[in-house]
Structures are given as C-alpha cells and as structure tokens.
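Try each task before you read its solution.

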Amino acid sequence: MRRLRSAIFLGVLLALSALIGCGKSGPPVVSVSGTVNLDGKPLTVGFLYFKTVETGALERFDITDGEFKGNAQVGTRRVEIYANRPKTVEIDGANVEVTENFIHPSFNTESKLNAEVKLEAPNRFQFDVQKK
C-alpha cells in the first residue's frame, strides 16, 4: 500500500511539473545596441533601461564610452537613461557622500523616449540627452 501511494504521489508530481513547464512564453528576445550622447559627446559611463510599461519587463544595459549592447524583448520599449556622480551632502552635521543622477529627468523618470525593438531589424538606437 505504501508503494502505491508513493507511485501515485510521484505521478502527480511529474504531471504538475509538465504543466508548469508548458506555460506561455514571453516575447522573443533579440540583440540591441546603440549610442548615448550627453550634450553632444559620448556619455562616458552610465546605464539605461528598456521597459515595457504594461508588463513591467525590464532590461538594463551599461553604457561605456557612449556605447551599449545586450538583449531585449521585442516590442515598443520605454527608454530611461541614467548617469551618476558622487555628491557630498550634510546630514546631522556630518558630510556624507551619496550618488546623484545628473541626466535631466525628461530622459529617465519622466522619459518619453521609446525604442521600437523589432524581430528582424538591426535594432541599433541613438539617444541624445542633456544634463539637468
């Protein structure tokens, strides 16, 4: 009797595993690349996000010497660009170093930038941003 219960339990477990693995897959993922210029010059160091607002899908790309590359889901993606620098602030009489984003909010938290990532396209993008 004990073996029968173990066999039934194992069968149910295998069936559940198979069902979980058969879920809907997300949009295809493709290679993307591009450039980011800050006030007309390549952004030395920073990062950007490709976001799908409806689903919350998010990819982060590091920017080095004005270039980024990686993989992103196909579709219309909101683009947010950030670059941080150290800043000293006074808190309770002590100087504390924090990071400050110096890219204007219209290119990150208030961004209207979009990238149309396509299944069969070069998917190379150029973004020009300004400081705060």
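**Exercise 1.** Which residue in β4 is the bridge partner of F50?

*Solution.* A bit of housekeeping comes before the steps. This is a predicted model, where local features need pLDDT of at least 70, side-chain atom pairs count only at pLDDT 80 or more, and totals for chains, interfaces and linings use all residues. Residues are numbered from 1 along each chain as its sequence is written, and side-chain values use heavy atoms, with hydrogens and water left out.

Step 1: find the strands (DSSP runs of E, at least two residues, numbered from the N terminus). β3 covers residues 45-51 and β4 covers residues 58-64.
Step 2: check how they pair (DSSP must find at least two bridges between them). β3 and β4 run antiparallel, joined by seven bridges.
Step 3: read off the partner, which is E59 for F50.
Step 4: look at the connection. The two strands make a hairpin with six residues between them, and G56 in the turn has a positive phi of about 85 degrees.

**Exercise 2.** Sort the side chains of β4 by the face they point to.

*Solution.* Step 1: recall that side chains in a regular strand alternate between the two faces of the sheet.
Step 1: pick out the buried ones (under 20% relative accessible area, 1.4 Å probe, protein chains only; exposed is over 50%, partly exposed in between). E59, F61 and I63 are buried and share one face.

**Exercise 3.** What kind of aromatic pair do F47 and Y82 form, and what kind do F50 and F61 form?

*Solution.* Step 1: set the rule. Rings of Phe, Tyr and Trp (its six-membered ring) pair if their centres lie within 6.5 Å; planes under 30 degrees apart are stacked, over 60 edge-to-face, and the rest tilted. By this rule there are nine aromatic pairs.
Step 1: F47 and Y82 are stacked, at 5.3 Å centre to centre with 15 degrees between the planes. F47 lies in β3 and Y82 in β6 (residues 75-82), so the pair ties together parts 35 residues apart in sequence.
Step 2: F50 and F61 are edge-to-face, at 5.1 Å centre to centre and 70 degrees between the planes. Both are buried.
Step 3: widen the view. F50, F61, F68, F125 and F127 form one aromatic cluster.

How values were computed:
Helix = DSSP H or I, 4+ residues; strand = E, 2+ residues; numbered from the N terminus.
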